[in-house]
Amino acid sequence: QPPNLQIEESRNLERTNCRAKGAAPGFKVAILGAAGGIGQPLALLMKMNPLVSVLHLYDVVNTPGVTADISHMDTGAVVRGFLGQAQLEDALTGMDLVIIPAGVPRKPGMTRDDLFKINAGIVKTLCEGIAKCCPKAIVNVISNPVNSTVPIAAEVFKRAGTFDPKRLLGVTMLDVVRANTFVAEVLGLDPRDVDVPVVGGHAGVTILPLLSQVKPPCSFTAQEIDYLTDRIQNGGTEVVEAKAGAGSATLSMAYAAVKFADACLRGLRGDSGIVQCAFVASQVTELPFFATKVRLGRTGAEEIYPLGPLNEYERVGLEKAKNELAGSIEKGVSFIRK
Ligand code: NAI
């Protein structure tokens, strides 16, 4: 390490110890895949979050540079970088929340499932580390295909004997963020005033916006419903095509990931009434995993809300979503079991 980084590291250590003595509030958060397109802006935004006292940035490339850069921000969190598999355990030890955006993104013409081959193994390895070093941490899985990577994570944790369904959350927040934006556009409202539940999963038809449950209460024409459902389901592809080979959503995803991580941290702190959509182990349908609204508390997703009343359009969408989800979940489970 260059001397300036060594000094910074030892000062950071002192500051962390100081904080520990003074019991300053704050959580320890690790980002795995922190040097990537999502990882970098996610690290930036987490460094700005006052609930974070320690921020660990792990990747297999480029973390020294990203860490040196982010660590110069004059916000509270102490930042440390970890590079390569040999440092994974140090990156994870003692963490309260682990966010995983590691893995390859889509290129035009690819589905999220096309990423399975590479990302399944990456998520498996990272989750083995979590089971060993911070089995009580809340885990936010961003790596695609989320519909399969969350079941993979669950199987790894089950094998290790550490599985707690409340603590494993697939991040579908970007679908909600997009839905709020597109619905607000149609209604002529400020997106901050709009709340669209998006259930199911995180790929194509498994992304099911419940437009009949939008807040504030409103109604749409049949044409608006078709337009909004299609745009929300294919928002990711819209970005992949616009980036034309340079990756998928990274900036809006980092924003969504931080919105979700912040909700998890406020839940951990004991705030009441923290509700967000997430892809979790669930009994809301006959499938073992499903995205719905969940209430986040001190132990993770403490309550999973039912779907609520659906109209005919949504009931048809739900059947399609469940058909595709069943296969994606099974694919993840058998990747570990076989
Ligand atoms: P990227 O390729 O820019 O970054 C991925 C990072 O992961 C790279 O820095 C890479 O070095 C790192 N990485 C690879 N193998 C690793 C390993 N074994 N351990 C730790 N880090 C490793 O990709 P980007 O755009 O950041 O996307 C990351 C993932 O997030 C993709 O799978 C993408 O499909 C997914 N994604 C998920 C969304 C969601 O809503 N859940 C939305 C957008 C993307």
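Mentor: Begin with element numbers. Helices (H or I, at least four residues) and strands (E, at least two) are DSSP runs, numbered from the N terminus. Residues are numbered from 1 along each chain as its sequence is written. The model is predicted, so local features need pLDDT of at least 70 and side-chain atom pairs count only at pLDDT 80 or more, while totals for chains, interfaces and linings use all residues.

Trainee: Let me try a loop. Where does Ala 244 lie?

Mentor: Ala 244 lies in the loop between helix 9 (235–243) and helix 10. Look at its backbone. Most residues other than glycine have a negative phi, and most peptide bonds are trans. Ala 244 has a positive phi, near 50°.

Trainee: Is Ala 244 buried or exposed?

Mentor: Count the C-beta atoms, placed from the backbone, within 10 Å of the residue's own: 20 or more others is buried, 12 or fewer is exposed, and in between is partly exposed. Ala 244 has 9 others within 10 Å, so Ala 244 is exposed.

Trainee: Which loop holds Asn 62, and what is its phi?

Mentor: Asn 62 lies between strand 2 (52–59) and helix 3 (63–71). Its phi is near 65°, again positive in a residue other than glycine. Asn 62 has 16 C-beta neighbours inside 10 Å, so Asn 62 counts as partly exposed.

Trainee: Now the peptide bonds. Which bond at Pro 145 is cis?

Mentor: The bond joining Asn 144 and Pro 145 is cis, with omega about -5°. Pro 145 sits in the loop between strand 5 (138–141) and helix 6 (146–160). The bond from Lys 215 to Pro 216 is cis too, with omega near 0°. Find Pro 216 in the loop between strand 8 (207–209) and helix 8 (222–233).

Trainee: Next, strands. Which way do the residues of strand 4 point?

Mentor: In a regular strand the side chains alternate between the two faces of the sheet. In strand 4 (residues 97–100), Leu 97 and Ile 99 point one way, and Val 98 and Ile 100 the other. All of them are buried.

Trainee: How many bridges pair strand 1 with strand 4?

Mentor: Strands pair if DSSP finds at least two bridges between them. Strand 1 (residues 27–32) and strand 4 pair over three bridges, in the parallel sense. Ala 30 has Val 98 of strand 4 as its bridge partner. Strand 4 also runs parallel to strand 5, with four bridges between them.

Trainee: How many residues of strand 3 are buried?

Mentor: Five of the six residues in strand 3 (residues 78–83) are buried. Strand 3 runs parallel to strand 2, joined by six bridges. Asp 59 stands opposite Leu 83. The chain crosses from strand 2 through helix 3 to strand 3, and this crossover is right-handed.

Trainee: What does Leu 88 contact beyond its sequence neighbours?

Mentor: A contact means C-beta atoms, placed from the backbone, within 7 Å. Leaving aside neighbours within four places in sequence, Leu 88 contacts Tyr 58 and Gly 129. Leu 88 belongs to helix 4 (residues 88–92). It has 22 other C-beta atoms within 10 Å, so Leu 88 is buried. Leu 88 and Leu 32 are 56 residues apart in sequence, yet 8.8 Å apart in space, C-alpha to C-alpha.

Trainee: Which helix holds Asn 180?

Mentor: Asn 180 is in helix 7. It has 22 C-beta neighbours inside 10 Å, so Asn 180 counts as buried. Outside four places in sequence, Asn 180 contacts Pro 191, Val 194, Asp 195 and Val 196.

Trainee: Last, helix packing. What is the angle between helix 7 and helix 10?

Mentor: Two packed helices are described by the angle between their axes and the distance between the axes. Helix 7 (residues 173–187) and helix 10 (residues 251–269) pack at about 110°, with axes 8 Å apart. Axes are lines fitted to C-alpha atoms over the stretch in contact, and angles run from 0 to 180 degrees between N-to-C directions. The two helices are therefore roughly perpendicular (65 to 115 degrees; under 35 is roughly parallel, over 145 roughly antiparallel, the rest oblique).

Trainee: Which residues of helix 7 meet helix 10?

Mentor: Met 173, Leu 174 and Val 177 do. Their partners in helix 10 include Met 253, Tyr 255 and Phe 260. By class, this contact has eight nonpolar, one polar and one charged residues (nonpolar: Ala, Val, Leu, Ile, Met, Phe, Trp, Tyr, Cys and Pro; charged: Asp, Glu, Lys and Arg; polar: the others, Gly among them).

Note on methods:
Two residues are in contact if their C-beta atoms, placed from the backbone, lie within 7 Å. A crossover is right-handed if, with the strands pointing away from the viewer, the path from the first strand over the helix to the second runs clockwise.
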